[in-house]
Amino acid sequence: MIESQSGSKSTNLSDTRFYKKQRRIALRLCGIIDPEQIDEYIGYDGYEALGRALTEMKPCDVIDILKKSGLRGRGGAGFPTGLKWEFAAKAAGEQKYVCCNADEGDPGAFMDRSILEGDPHSVIEAMTIAAYAIGADQGYIYVRAEYPLAVKRLEIAIGKAKEYGLLGENIFDSGFNFNLEIRLGAGAFVCGEETALMTSIEGNRGEPRPRPPFPAVKGLFKSPTVLNNVETYANIPQIIKNGPEWFASMGTETSKGTKVFALGGNVTNVGLVEVPMGTTLREIVDEIGGGVPGGKKFKAAQTGGPSGGCIPSKHFDVPIDYEQLAAIGSMMGSGGLIVMDEDSCMVDIAKYFLGFTVEESCGKCNPCRIGTKRLCEMLEKITSGKGEDDDIEKLESLCRHIMSSSLCALGQTAPNPVISTLTFFKDEYIAHIKDKKCPAGVCKDLLSYTINEKCIGCTICAKNCPADAITGAVKTMHKIDQSKCIKCNVCFEKCKFGAIDKG
Amino acid sequence: MADSTIAFKGTKEQEAKLMEAIELHRSQPGPLMPVLQAAQDIYGYMPREVLEIISRQMQMSLSDIYGIVTFYSQFHLEPKGKHKIHICLGTACYVKGAGKILERFEKELGIKDGECTPDGNFSIDALRCVGACGLAPVMSVNDDVYGKVTEDQVPEILAKYKA
Amino acid sequence: MKSLAELAAIRDKMKQGAAIGEDGNEKIRIVVGLATCGVAAGARPVFDAIAEELKNQNVTNAAVSQTGCIGRCTLEPIVDVIAPGKDIVTYVHVTADKIPQIISSHIKEGVPVMEYTICAYE
């Protein structure tokens, strides 16, 4: 039950506990306005920041505001946005570009999709401001093709902005021109890496290239380029309008403002959450997310997608910012936050993420292409019960080599899921290797099913067993023939008396 | 590049559409990706014959184009089924049992992830996150999205498209 | 767009309330969350049912529109009823068959159907 401020039961969603600790800046208008109506965006002060920037500020003033605000990139690495713009503004070059990274490939993250579908004009406005600040006249939004609705809404929004003269020639009668185009991704996770994204827009295999030169100096089509992510852009009109002090008043010493998290997995209230930097995981998972459902025990929160790590409950009270998350072996990433309960096997989760990077590694550099494959094979060996005593050391050593020698962030961070689970859940690795057991009951090869004395002989397991591995007379305790059992879990799911043990 | 076992059945109309797309994008910077995306929309897949047209028109070697097409998971050299089954294996779906859903589809149809049934009716592809994590596990058949899917629902879902 | 004044004119018009009904009063807004998760949860048929039912019940003081994702994926489809001067009422897990009752009770009589609102779920 929820209480509104007056004490009576509220019918308004925003009064629920889910929203109490939230502070919505990037998601300000998501779920409020009709994203296909530009007038509604303008009705909530939309395009005012652009108008003021173009008519009242010099490009360097805009950059100063961003630098003072302390805004850092929301795509993962957390580079200061104002500084990035300054580098691009100062870089020599006739032609410059502004790009938006909307290639949200982290599994479990969907904040960029929500912003593009719910408030596309905020991104268009911010990109136009960026173009003015660095002196660009052409921009590209690189969107995942898996997001057709986001693409459609962006197309409508760009069309409307052109019609209103908010994109195109001589915007706000300032002599400034800016043209914006959408480019679709084609399903390559590595294209979320900035140099790979630009290589893909240029029409090549989306492979990263060494930096320096950084994109701010030599980016798209070899020209100085600013590339920011969707959520970063969505903050910018608010910062220009409300001032850098307003933004910097939120957050921690090193990380200002808010961060959007896509809260998912085994948590009661799955959803999009925007909280000030410095909020603790406990506040997000327990207070906003309503904890783990079904009376299950919390095991870990995974942040940062395939580049991040699993955080155990002992670090639940760490205030979240870029540095703090890195200190506990994870990373902000784009903001996926997946809650895992006691039924998740941490070795299996590490294997899942490595399977992802093996598939998504572009293959350009050896440490990533071969290293992640070998890591994945070692995890496969452990989860199939063939682990040996020195495997943990071998894993750790290989992780270090991949991190230190890969070309881009994909490879450099790929071992993070292994390292963080090894740090916090080493006992699970040991159980797999030494005892040949999977404590969470996930890894099939290590499972055995047995029937305990709770069995009343109802025969339902025997009837459902696809391998005919269960025998027993009616009303007597049943038995599983281990040589026939295919570990399909059907008996476990069908038994109403908790009489099947697995482990 | 191995030749497909499925005969190419492109029409004049499709070719005209492709030429139109090539003309539209040719003068832009970085035209190849939009052209390839248009080609796949028109033909449904990327047979050698289509890549050859693009190669001639864009004056790029066939091997370069092949390298780019095979780099991106959304381009495919073989046709997909009449009904395209997509199963999300993003993290949120994975921890909620999407792996089992995939296995069940594979078992019911007798094909593996990435394959097409011999009658051309169904194809199965695992996807990375579709961004509908609130409904995990999520899957879709063509444009119909199914949320909170259980293994037991798999035969019912298939039945709808078998008719 | 040539000046801030031009922009302000649109903004002020919107701030005064966008839709005015035939009786000169501001319309009730019925807003359906139509982002990907909403659509996957079945929000499109809900949107269509609202439009249909407003016609069937001859309602002229309300209009249906769409919005993006409010962030509560598990409660989709979500419909907000925003009546001028009143608290927002949020309906959750809305299905097309609940619409006739919501329109007749809430929109026409001003009595929210409490059992379908967020209150009943939290």
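Start by selecting A:Gln302: it sits opposite A:Cys310, a residue of β9(A). You're looking at a predicted model, where local features need pLDDT of at least 70 and side-chain atom pairs count only at pLDDT 80 or more, while totals for chains, interfaces and linings use all residues. Residues are numbered from 1 along each chain as its sequence is written, and chains are lettered from A and ligands numbered from 1 in the order in which they are written.

Next, colour β8 of chain A, residues 298-303, together with β9(A): the two run antiparallel and are joined by four bridges. (Strands are DSSP runs of E, at least two residues, and helices are runs of H or I, at least four, numbered from the N terminus; two strands pair if DSSP finds at least two bridges between them.)

Now widen the selection to the open, mixed sheet of five strands, in the order β7-β6-β10-β8-β9 of chain A. At its edges are β7 (271-276) and β9 (309-312) of chain A, each pairing on one side only. From one strand to the next, the twist averages 30°, using axes that are lines fitted to C-alpha atoms, with angles from 0 to 180 degrees between N-to-C directions.

Then bring in chain B. Here 34 residues of chain A are in contact with 26 of chain B, contact meaning C-beta atoms, placed from the backbone, within 7 Å. On chain A's side, β4 (176-184), α9 (194-201), β6 (258-265) and β10 (336-341) each supply at least two residues.

Last stop: chain B itself, divided into domain 1 (12-71) and domain 2 (83-162), with bounds from an automatic or database domain assignment. The C-alpha centres of these two domains of chain B lie 30 Å apart.

Key:
Contact = placed C-beta atoms within 7 Å.
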